[in-house]
Amino acid sequence: MTDLEQLQGMISASRRIVFFGGAGVSTESGIADFRGVDGLYRQKYRYPPETILSHTFFMTHRKEFFDFYRDKMLALGAQPNAAHKKLAELERAGKLTAVVTQNIDGLHQKAGSRNVYELHGSVLRNTCMSCGKKYGAEFIRNSEGVPTCECGGAVKPDVVLYEEGLDQRTLAGAVDAISRADMLIVGGTSLTVYPAAGLVDYYRGSRLVLINRTATQLDGRADLVITGSIGETLAQIRVP
Ligand SMILES: [Zn+2]
């Protein structure tokens with residue numbers, strides 16, 4: 001049996017699949033992975049992305065934060081790829097209960113997924129730090145300098161910056177979904193970013209599948225490891 005046939009068999013036998021995805025899911029839609037080393041950004045910006053996307057930097061260098069954010073984080077033209085679409089299809093078919101993602105681009109919802117736990121927030125939601133008024137991503141894109149609310153307050157993206165904690169309700173929802181899953185597919189992540197590896201520990205079943213281009217530290221624990229593209233792999237799955 002090939003790896004793909006094994007994956008198909010597991011999916012066919014499961015009814016509470018949870019997908020847990022990392023940056024690799026979004027890079028296949030052309031969105032950059034900011035945790036990877038990228039010399040280009042270091043040439044163009046005076047600080048590395050990890051510094052710019054930190055809470056301290058947001059509080060102290062707000063204009064430079066938004067220059068970078070508009071340029072690199074607001075990938076509003078990106079479209080869902082085969083992975084996003086197949087996962088939405090599995091949810092509609094009653095096979096998949098939740099998507100847990102480390103990505104902030106909203107592409108799972110754009111593909112049609114409804115139950116999505118966005119561990120690191122979303123660029124599509126933005127909140128005034130003074131009055132709490134909500135703004136969409138276009139408001140940020142169309143503003144100049146620091147986006148300012150009609151009340152005069154600064155508008156902050158609902159994105160978890162470095163040094164900031166995760167939203168506890170989102171995390172609890174993800175833990176609950178994973179602990180009740182009968183299959184866990186982990187895709188497009190090397191499982192090194194907190195809290196990725198810890199979340200996988202909540203899965204107690206016998207269908208843990210890892211799909212990634214490179215080896216991960218949990219390969220030894222998985223029931224099936226597929227080395228390759230998450231989009232190309234899921235594209236070949238038939239939804240019963
Ligand atoms: Zn306001």
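This report walks through the sheets, helices, aromatic contacts and a few single residues of a predicted model.

## The six-strand sheet

Let us start with the parallel sheet. Six strands make up this open sheet, in the order β3-β2-β1-β7-β8-β9, and their pairing is parallel. The edges are taken by β3 and β9; each has a single partner strand, so one side of each is left without a neighbour in the sheet. From one strand to the next, the twist averages 15 degrees.

For a closer look at one pairing, take β1 and β2. Strand β2 covers residues 96-101 and runs parallel to β1, with five bridges joining the two. Within this pairing, phenylalanine 20 stands opposite valine 100 in β2.

Helix α10 lies across β1, β2, β3 and β7, and runs at about 135 degrees to β3. Helix α1 spans residues 3-13, and Leu7, Gln8, Met10 and Ile11 are buried in it. Viewed down the axis of α1, the buried residues fall within an arc of 165 degrees, so they line one face of the helix. What do the buried residues of α1 pack against? Their partners are the strands β1 (17-21), β7 (183-187), β8 (208-212) and β9 (224-227), together with the helices α7 (82-92) and α12 (230-235).

## The three-strand sheet

A second open sheet has three strands in the order β5-β4-β6, and here the pairing is antiparallel. At its edges stand β5 (134-135) and β6 (155-159); each has a single partner strand, so one side of each is left without a neighbour in the sheet. Strand β4, residues 121-128, pairs with β5 in the antiparallel sense over two bridges. Threonine 127 is found opposite lysine 134 in β5. Helix α6 lies across β4 and β6, and runs at about 45 degrees to β6.

## Aromatic contacts

How many aromatic pairs does a search of the whole structure find? The search finds seven. One of them joins phenylalanine 58 and phenylalanine 66: the ring centres are 5.9 Å apart and the planes stand at 65 degrees, so the pair is edge-to-face. Another aromatic pair, phenylalanine 65 with tyrosine 69, is stacked, at 5.6 Å centre to centre and 20 degrees between the planes. Both of these residues lie in α6 (residues 62-73), four residues apart, which is about one turn of the helix.

Phe58, Phe65, Phe66 and Tyr69 form one aromatic cluster.

| Residue | Relative accessibility | Class |
|---|---|---|
| Phenylalanine 58 | 0% | buried |
| Phenylalanine 65 | 1% | buried |
| Phenylalanine 66 | 0% | buried |
| Tyrosine 69 | 2% | buried |

Lysines meet aromatic rings as well. The charged end of lysine 156 sits over the ring of phenylalanine 58, at 5.4 Å from the ring centre. Elsewhere, the charged end of lysine 133 sits over the ring of tyrosine 135, at 5.3 Å from the centre of that ring.

## Some single residues

Helix α6 holds lysine 72 too. Lysine 72 and threonine 216 are 144 residues apart in sequence, and their C-alpha atoms are 27 Å apart in space.

Two loop residues are worth a visit. Is serine 113 buried or exposed? Serine 113 is buried, with a relative accessible area of 4%. This serine 113 lies in the loop between α8 (107-111) and β3 (116-118). Apart from its neighbours within four places in sequence, serine 113 is in contact with Leu87, Ala88, Glu91, Val99 and His108.

Glutamate 163 belongs to another loop, the one between β6 and α10 (168-179). Its relative accessible area is 57%, so glutamate 163 is exposed. The backbone of glutamate 163 has a positive phi of about 80 degrees, although the residue is not a glycine.

Terms used:
Residues are numbered from 1 along each chain as its sequence is written. This is a predicted model: local features need pLDDT of at least 70, side-chain atom pairs count only at pLDDT 80 or more; totals for chains, interfaces and linings use all residues. Side-chain values use heavy atoms; hydrogens and water are left out. Rings of Phe, Tyr and Trp (its six-membered ring) pair if their centres lie within 6.5 Å; planes under 30 degrees apart count as stacked, over 60 as edge-to-face and the rest as tilted. Buried means under 20% relative accessible area, exposed over 50%, partly exposed in between (1.4 Å probe, protein chains only). A charge sits over a ring if NZ of Lys or CZ of Arg is within 6 Å of the ring centre and within 35 degrees of the ring normal. The arc is that of the directions from the helix axis to the C-beta atoms. Contact means heavy atoms within 4.5 Å. Two strands pair if DSSP finds at least two bridges between them. Axes are lines fitted to C-alpha atoms, for helices over the stretch in contact, and angles run from 0 to 180 degrees between N-to-C directions.
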